[in-house]
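Please find below a colleague's note on the model under review.

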Amino acid sequence: MAENEAEGGGAAEGAEAAAPKSKFKLILIIVGALVVLGGGAATWFLFFRHGEDEHHAEVAPPPKPPAFVEVPDMMVNLAGAPGERVQYLKLKIVLELKEEKQIEAIKPSMPRVTDIFQTYVRELRSSDLNGSAGVFRLKEELTKRVNAAVAPIQVSAVLFKEVVLQ
């Protein structure tokens with residue numbers, strides 16, 4: 001009976017000693033599984049994911065080139081205080097449109113666009129056009145006014161070909 005207890009005690013010690021080995025094996029198996037899954041995920045992101053991005057790039061249509069419409073040249077005298085020298089402003093303007101087919105739609109509205117531009121520009125003073133900030137404000141204001149005049153057509157930008165202040 002003492003031998004059985006000694007054997008039972010030895011078996012219990014062997015089980016306790018074997019328990020750390022089985023935890024080590026379990027941790028090793030989990031780490032190995034994570035490495036395999038991580039490698040598979042990395043392979044998928046590196047090799048297969050690019051194929052979908054390229055596929056989407058092929059599906060998207062290429063952007064259409066913008067279209068341009070010239071506004072007749074304008075030369076106006078600017079508002080000034082009485083007794084000041086009269087100053088003139090000469091503008092060459094081009095309207096940028098999103099599509100070529102909008103050119104024919106906007107041409108009947110060109111007299112209205114010219115009228116709106118002339119009316120607005122005649123109210124300006126030479127100090128309103130000082131520096132690039134003044135020209136940028138003029139461009140923004142003309143874009144807003146032309147979009148109101150030709151709605152529902154949308155003008156992307158008013159571009160200056162020439163601005164001369166004398």
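**Note on the sheet and its helices**

1. Three strands make up an open sheet, ordered β1-β2-β3, with antiparallel pairing. Strands (E, at least two residues) and helices (H or I, at least four) are DSSP runs numbered from the N terminus, and two strands pair if DSSP finds at least two bridges between them. Because β1 (67-77) and β3 (155-165) each have a single partner strand, they stand at the edges and one side of each lacks a neighbour in the sheet.

2. This is a predicted model, in which local features need pLDDT of at least 70, side-chain atom pairs count only at pLDDT 80 or more, and totals for chains, interfaces and linings use all residues. Residues are numbered from 1 along each chain as its sequence is written, and side-chain values use heavy atoms, with hydrogens and water left out.

3. Nine bridges join β1 to β2 (residues 88-97) in the antiparallel sense. Within β2, L89 is the residue opposite V76.

4. Helix α3 (residues 110-122) lies across β1, β2 and β3, at about 40° to β1. Angles run from 0 to 180 degrees between N-to-C directions, with axes fitted to C-alpha atoms, for helices over the stretch in contact. Helix α4 (residues 131-150) also packs on the sheet, where it touches β2 and β3, and its direction makes about 130° with that of β3.

5. The buried residues (under 20% relative accessible area, 1.4 Å probe, protein chains only) of α3 are M110, V113, T114, F117, Y120 and V121. They lie on the same side of α3, because they cover an arc of only 140° around the axis, taken from the directions from the helix axis to the C-beta atoms. These buried residues pack against β1, β2, α2 (102-106), α4 and β3, contact being heavy atoms within 4.5 Å.

Definitions and conventions: Buried < 20%, exposed > 50% of the residue type's maximum accessible area, 1.4 Å probe, protein only.
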